[in-house]
Amino acid sequence: MKQPASRLLRLAGFVGSLAVAVGGMSPALAADGPPSGVGDGFVQSAQSPTPSVPAEALPAAPRKANAGREPMSAAAREMADWVVGSGNNDKLPFIVVDKVEARTFAFDMDGNLLGATSVLLGLAHGDDSVPGIGERKLSTIRPEERTTPAGRFVASLDTNLRGQDILWVDYDAAISLHAVVPGTPKERRAARLASPASADKRISYGCINVPAAFFQKVVRPAFLKTEGVVYVLPETRKAHETFAAYGYPTR
């Protein structure tokens, strides 16, 4: 029996509605497949913007030392960046001494470079002081014992027995940072300080010698009313071995 056209139209509409309710799509869409990005219970639109992450949810980039264009070895730069990023200097001015390159870098409490210079160091290579060496006369200290110890030292200004300004680095071992002394003519300390070769810089009993102008214009003003920290990088072991107790990262 033929059905009236109106009944056929109503029947088609009913079937279409039923398909949507049961299958979740109209017969027309079902014939062409699901729309792009639909399936497996989620919708992914290529046109949808990437959800923004609140700025406060992003980890802050670690702070670094500001050395400008001053050349620094990788070891010295890593140390300066770690000091600033970790806050290990306790908001105090600090100095990084690079024994391998025979250079030193002075920073303010915020990690801004105040100055850099070549330095004279202990004659002997090594990272430890001989026990009790600070109590001995210079004349009794053998060449192989004249080391500049590596480590983290809380430093402060003082004067030596001659009334000259010095920055105590390791008081017990009698190690200080001070203006270069004339020494003997054979030592040629001024010439060694001006030499570009780091090997020429090994001459002291262990103290760190800097140009007089650097001490007066950089070191003294930075430490005049406060203590500071001196980081002496090692030359016979890894930095993380020397500074492990302070959380220096393993490389």
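The model, which is predicted, holds an open sheet of eight strands with mixed pairing, in the order E5-E4-E3-E12-E7-E8-E9-E11, where strands are DSSP runs of at least two residues (E) and helices runs of at least four (H or I), numbered from the N terminus, and two strands pair if DSSP finds at least two bridges between them. Strand E5 (113-118) and strand E11 (208-210) are the edge strands, each pairing on one side only. E4 (residues 103-107) and E5 run antiparallel and are joined by five bridges, with phenylalanine 105 opposite alanine 116 in E5.

Local features need pLDDT of at least 70 and side-chain atom pairs count only at pLDDT 80 or more, while totals for chains, interfaces and linings use all residues. Residues are numbered from 1 along each chain as its sequence is written, and side-chain values use heavy atoms, with hydrogens and water left out.

Helix H5 packs on the sheet, with contacts (heavy atoms within 4.5 Å) to E3, E4, E5, E7, E8, E9, E11 and E12.

The largest pocket is lined by 37 residues, of which Leu138, Asn160, Arg162, His178 and Cys207 lie nearest its centre; a pocket is an open set of points on a 1 Å grid over the protein atoms alone where a 1.4 Å probe fits, with protein on both sides within 12 Å along at least five of seven lines, and lining residues have an atom within 4 Å of a point. E9 gives the largest share of this lining, four residues, and H5 (212-223) is one of the elements that supply at least two.

Definitions and conventions
Axes are lines fitted to C-alpha atoms, for helices over the stretch in contact, and angles run from 0 to 180 degrees between N-to-C directions.
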